[in-house]
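Hello,

I am passing this structure on to you, with some notes on what turned up in it. Please have a look at it first and then read on.

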Amino acid sequence: MRRNKVHEFEADVPAAELWGLYGTLRAAELLPELLPQVLAKIQLVSGDGDVGTILELTFAPGIPGLETYREKFIKVDNENYIKEAQTIDGDILKLGFLYYMVRFEIIAKGPSSSVIRSTIVYEINEETHPGLEAMVSTGPLAATAEKFAGYLKEQKIPQSS
């Protein structure tokens with residue numbers, strides 16, 4: 001049975017600006033820079049950021065059982081600001097997940113504010129991996145939302161020379 005965990009973050013950033021990161025490969029470029037304690041690097045394996053794009057993500061050292069995994073964009077909806085990336089190979093599946101997918105939704109709240117809804121949809125064989133559910137955490141997704149919103153707000157502040 002598939003389950004999900006959801007995190008919502010309210011940002012003082014317009015939805016279209018947030019989607020400019022989440023909806024593009026710019027997110028993959030920025031993540032290791034903004035969250036080096038989680039991701040060491042992200043490589044583009046194939047694609048251009050649309051459906052079918054495959055990324056290889058390398059975790060920061062020190063995360064037990066997790067080194068790398070590959071994800072494939074299975075949905076990129078530029079009108080409704082929704083992106084879904086399914087794990088297709090690597091350590092997440094080797095740990096025992098039967099299915100693991102992350103969904104990002106950017107929801108406009110007003111002209112200059114939005115909600116970043118991050119959802120992890122997963123399936124585990126609980127008979128063979130009873131403790132695995134404890135590893136499912138929206139913590140890194142929450143940190144990503146906060147860092148991306150902060151990054152975009154900083155880009156608007158005029159830099160003094």
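Two strands pair if DSSP finds at least two bridges between them; helices (H or I, at least four residues) and strands (E, at least two) are DSSP runs, numbered from the N terminus. With that in hand, Thr58 stands opposite Thr68 in β4. Strand β3 (residues 54–59) and strand β4 (residues 68–77) run antiparallel and are joined by five bridges.

This is a predicted model, in which local features need pLDDT of at least 70 and side-chain atom pairs count only at pLDDT 80 or more, while totals for chains, interfaces and linings use all residues. Residues are numbered from 1 along each chain as its sequence is written, and side-chain values use heavy atoms, with hydrogens and water left out.

Now to the sheet. Seven strands form an open sheet in the order β1-β7-β6-β5-β4-β3-β2, with antiparallel pairing. At the edges stand β1 (3–11) and β2 (39–46); each has a single partner strand, so one side of each is left without a neighbour in the sheet. On average, neighbouring strands here are turned by 20 degrees against each other, direction ignored. (Axes are lines fitted to C-alpha atoms, for helices over the stretch in contact, and angles run from 0 to 180 degrees between N-to-C directions.)

Within strand β5 (residues 82–90) you will find Glu84. Is Glu84 buried or exposed? Glu84 is buried, with a relative accessible area of 13% (buried means under 20%, exposed over 50%, partly exposed in between, using a 1.4 Å probe and protein chains only). Leaving aside residues up to four places away in sequence, Glu84 touches Lys72, Phe73, Ile74, Lys75, Met101, Val102 and Arg103; contact means heavy atoms within 4.5 Å.

The helices come next. Helix α1 (residues 15–22) lies across β1, β4, β5, β6 (97–110) and β7 (113–124), and runs at about 150 degrees to β6. Helix α4 also packs on the sheet, where α4 touches β1, β6 and β7, and its direction makes about 20 degrees with that of β1.

How do the two helices α2 (residues 26–34) and α4 (residues 139–156) cross? Their axes come within 11 Å and cross at roughly 100 degrees. That makes α2 roughly perpendicular to α4 (the term covers 65 to 115 degrees). Arg26, Ala27, Leu30, Leu31 and Leu34 in α2 meet Thr144, Lys147, Phe148 and Tyr151 in α4.

Best wishes

Methods:
Angles under 35 degrees count as roughly parallel, over 145 as roughly antiparallel, 65 to 115 as roughly perpendicular and the rest as oblique.
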